[in-house]
Amino acid sequence: MKQKAKYIIAFIIICYSFTIAQSDSLKGIWVPNAAVGINVSQIALSNWTQGGENSITWTLIGNGGMQYLGEDWTFRNRLKIAFGRTKIGGQDFRTNDNDLFLEAVLSKNIGWSVDPFFSNSIRTPITTGYNYKVDPFVKTADFFDPGYVTQSIGFTYDKFAALKTRLGFALEETFTNKYRQYSDDPETKELEAFKLETGFESVTYFQQTVYAKLIAKSMLRLFTRFENLDVWDVRWDNSIIAKINDLINVNFNFLLIYQKKQSIKTQIKQTLQISFIYTIF
């Protein structure tokens, strides 16, 4: 299964490259961006009588992308990687962030208020994930296990610099190997390693400088299946970034996830960390 996943990823990368090559023949501008950094928070106690434990949390982050802006065609590609761990008291380090997201969106200006688009996205854990609520810990995920690949075609609206939104018909493929609870069809006797679902996908991005060096970012992704339109997968990722200088930021992040196949309860993660960022370009 992992070998097949490698072939699938390679095929998608080739398709991206082909798309870029086609767009490169048009007259337009390329706008690259890339940044890497580490988010850190720490508590250190010595002879402390009021309770509490030593703790340290770190997260390695990488953000990058490439935009092609032409008269008729627009191509946007973005990559986000995050991997982090936490240690509290005498416990071993535990993984608290473990995500790779790759997205490409190609749209054409046809003179309407909205533009037709085609998109492809990939989301996967980077490495092994665990459920730390049970003893002993239970592995729950690994690289591309599960892996989610989504294609969507529809219309996008991006006339405002701060806001971009799109809605389209979507195909979502779920790939698994060991952790087949994410891809299994409960109506069959066997445990399937692959699942194909069709439905609607909506993705909205917002980014705005609120005040001086204070930046607000938000991404809302919704997906529903044709056979169950009253149930939506939700991923709402929000950040407020206070830039201290070119290398140091203070980040507040609020992430809300609802995906019934993962948990019937809404998942929420909040972090407040100092971030050391290096902008490559």
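This is a predicted model: local features need pLDDT of at least 70, side-chain atom pairs count only at pLDDT 80 or more; totals for chains, interfaces and linings use all residues.

Analyst: Residues are numbered from 1 along each chain as its sequence is written, and side-chain values use heavy atoms, with hydrogens and water left out.

User: How do I read strands and their pairing, and which strands make up the closed barrel?

Analyst: Start with the labels. Helices (H or I, at least four residues) and strands (E, at least two) are DSSP runs, numbered from the N terminus. Two strands pair if DSSP finds at least two bridges between them. Here, 12 strands form a closed barrel in the order E1-E2-E3-E4-E5-E8-E9-E10-E11-E12-E13-E14, with antiparallel pairing. From one strand to the next, the twist averages 20°. For such angles, axes are lines fitted to C-alpha atoms, for helices over the stretch in contact, and angles run from 0 to 180 degrees between N-to-C directions.

User: How many bridges join E2 and E3?

Analyst: Strand E2 (residues 55-70) and strand E3 (residues 73-88) share 15 bridges and run antiparallel. They form a hairpin with 2 residues between them. Thr 57 has Thr 86 of E3 as its bridge partner. Follow Thr 86 onward: Arg 94 in E4 stands opposite it. E3 and strand E4 (residues 94-108) are antiparallel and joined by 14 bridges. Their hairpin has 5 residues between the strands, and there Gly 89 takes a positive phi near 55°.

User: And what joins E10 to E11?

Analyst: Strand E10 (residues 194-211) and strand E11 (residues 214-225) run antiparallel, joined by 12 bridges.

User: How do I read burial? Is Ser 152 buried or exposed?

Analyst: Ser 152 counts as buried because its relative accessibility is 1%. Ser 152 sits in strand E8 (residues 147-157). Now take Phe 169, in strand E9 (residues 163-175). Phe 169 has 52% relative accessibility, so it counts as exposed. Keep the general idea in mind: in a regular strand the side chains alternate between the two faces of the sheet.

User: What does Ser 152 touch?

Analyst: Contact means heavy atoms within 4.5 Å. Beyond its neighbours within four places in sequence, Ser 152 is in contact with Phe 117, Phe 118, Ser 119, Gly 168, Phe 169, Ala 170 and Glu 201. Its side chain also reaches the backbone oxygen of Phe 169 at 3.3 Å. Not counting residues up to four places away in sequence, Phe 169 has contacts that include Gln 151, Ile 153 and Phe 226.

User: Where is Val 203, and why does it count as buried?

Analyst: Val 203 is in strand E10. It counts as buried because its relative accessibility is 3%. With residues up to four places away in sequence set aside, Val 203 touches Glu 103, Lys 164, Thr 165, Arg 166, Met 219, Leu 220 and Arg 221.

User: How do I read a polar contact? Which side chain does Ser 239 pair with?

Analyst: A polar contact is a pair of N or O atoms within 3.5 Å; within protein, one must be able to donate a hydrogen and the other to accept it, and residues adjacent in sequence count only if both atoms are side-chain atoms. Ser 239 lies in strand E12. Its side chain makes such a contact with the side chain of Asn 253, at 2.9 Å.

Terms used. Buried means under 20% relative accessible area, exposed over 50%, partly exposed in between (1.4 Å probe, protein chains only).
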